[in-house]
Amino acid sequence: MKIAIVTGVAGGIGKESALQLCRAGFHVVGMDVIDAERVPGFENLNFTYVKGDLSSVASREELVEVATQKGELAALINVAGVAPKVRADILEMTEESYDYVMGINTKGTLFLTQAVANQMVKQGKGGSIVNISSCSAYTSSTSRGEYCISKAGVSMITKLFADRLSGEGITVNEICPGIIATGMTETVKGKYDKLIAEGLVPLGRWGQPEDIAKAVLALCDGTLGYMTGGSLILDGGMHIRRL
């Protein structure tokens, strides 16, 4: 059976991606930081949960070990990410906040990708790696600079691994979501409701986790098999420059 690893699987984009992959025939091994009983919705599906922290070497090693014991490691979806605990002007951003965000979003993603890539190369059967970046990778938000920097790093991680693994039959791509209705954005819902109503998003609505999960599946099931090192911008048109 083909195995897909999904981080940040407890909710939002991670959970919806895992559900769609399960329904498409993958056995998903998912990781998040909360207890298993707080991750419902996978009953009667081919799903294994590993509690762990992406910034932890031990957690990453356990995740890859559990996944490889289940079968052929065919896909990795790097979803796990955090925002700064406190939004602060970049002139006041602390090193502690920077290290916290970068340790999970960028360093954790980098070294999990490295571990999975090595396993895929060892297997010799190709594979798909999908990184969930953000519109923040190329859009300034001076009250959460560490998050923007971390996601810009994810974009370069995507390019580096796509280049290195292209000869191994392994595709590496990223998805850059816009304003998506997840736990991360729930605390600023009022702000984004207003901005969307004022026209920030041409399609006129919030993005939903399933909007992103559909693209994840297309990058893992061969639908977009000729794409590597690429970026899918799924933001309802927010990136369009308009007069």
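## Helix 2 against helix 3

In this predicted model, helix 2 (residues 57-70) and helix 3 have axes that come within 10 Å and cross at roughly 30°. That angle is under 35 degrees, so helix 2 counts as roughly parallel to helix 3. As for the hand of it, helix 2 passes helix 3 in a right-handed crossing.

Who touches whom here? On the helix 2 side you'll find R60, L63, V64 and T68, and they meet G108, F111, L112, A115, V116 and Q119 of helix 3. Sorted by type, the residues of this contact of helix 2 with helix 3 come out as 6 nonpolar, 3 polar and 1 charged.

## Helix 3 against helix 4

Helix 3 (residues 95-123) also packs with helix 4 (residues 145-165): their axes come within 9 Å and cross at roughly 15°. With that angle, helix 3 and helix 4 are therefore roughly parallel to each other. The crossing of helix 3 and helix 4 is right-handed.

The list of contacts goes like this. Helix 3 brings S97, Y98, V101, M102, N105, T106, L110, T113, Q114, A117 and V121, while helix 4 brings E146, Y147, I149, S150, K151, G153, V154, I157, F161 and L165.

## Helix 1 against helix 7

Next up is a pairing of helix 1 (residues 12-23) with helix 7, where the axes sit 8 Å apart and the packing angle is about 45°. Is that roughly parallel or oblique? Helix 1 and helix 7 are oblique to each other, because roughly parallel would need an angle under 35 degrees. Helix 1 passes helix 7 in a right-handed crossing.

From helix 1, the contact uses G12, I13, E16, S17, Q20 and L21, and from helix 7 it uses P209, E210, I212, A213, K214, V216, L217 and C220. The tally for the contact of helix 1 with helix 7 is 8 nonpolar, 3 polar and 3 charged.

## Two aromatic pairs

A pair of aromatic rings is described by the distance of the centres and the angle of the planes. How many aromatic pairs does the model have? The count comes to 2 aromatic pairs. One of them is F42 with F47: the ring centres are 3.8 Å apart and the planes are at 10°, so this pair is stacked. F42 counts as buried at 6% relative accessibility, and F47 is buried too, with a relative accessible area of 17%.

Then there's Y192 with W206, whose ring centres are 6.1 Å apart with planes at 90°, so the pair is edge-to-face. Y192 lies in helix 6 (residues 189-197) and W206 in the loop between helix 6 and helix 7 (209-220), so the pair ties together parts that are 14 residues apart in sequence. Y192 counts as buried at 11% relative accessibility.

## Around W206

Is W206 buried or exposed? W206 is buried, with a relative accessible area of 15%, even though its place is in the loop between helix 6 and helix 7. Leaving aside residues up to four places away in sequence, W206 touches I179, I180, A181, T185, K189, Y192, D193 and I196.

For a sense of scale, take W206 and A83: they're 123 residues apart along the chain, and their C-alpha atoms are separated by 19 Å.

Most residues other than glycine have a negative phi. N44 has a phi near 65°, a positive value in a residue other than glycine. Where does N44 lie? You'll find N44 in the loop between strand 2 (27-32) and strand 3 (47-51). With a relative accessible area of 82%, N44 is exposed.

E186 is found in helix 5 (residues 183-186). At 60% relative accessibility, E186 counts as exposed.

Note on methods: Residues are numbered from 1 along each chain as its sequence is written. This is a predicted model: local features need pLDDT of at least 70, side-chain atom pairs count only at pLDDT 80 or more; totals for chains, interfaces and linings use all residues. Side-chain values use heavy atoms; hydrogens and water are left out. Axes are lines fitted to C-alpha atoms, for helices over the stretch in contact, and angles run from 0 to 180 degrees between N-to-C directions. Helices (H or I, at least four residues) and strands (E, at least two) are DSSP runs, numbered from the N terminus. Angles under 35 degrees count as roughly parallel, over 145 as roughly antiparallel, 65 to 115 as roughly perpendicular and the rest as oblique. A crossing is left-handed if the near helix is turned anticlockwise from the far one by less than a right angle, and right-handed if clockwise. Contact means heavy atoms within 4.5 Å. Rings of Phe, Tyr and Trp (its six-membered ring) pair if their centres lie within 6.5 Å; planes under 30 degrees apart count as stacked, over 60 as edge-to-face and the rest as tilted. Buried means under 20% relative accessible area, exposed over 50%, partly exposed in between (1.4 Å probe, protein chains only). Ala, Val, Leu, Ile, Met, Phe, Trp, Tyr, Cys and Pro count as nonpolar, Asp, Glu, Lys and Arg as charged, and the others, Gly among them, as polar.
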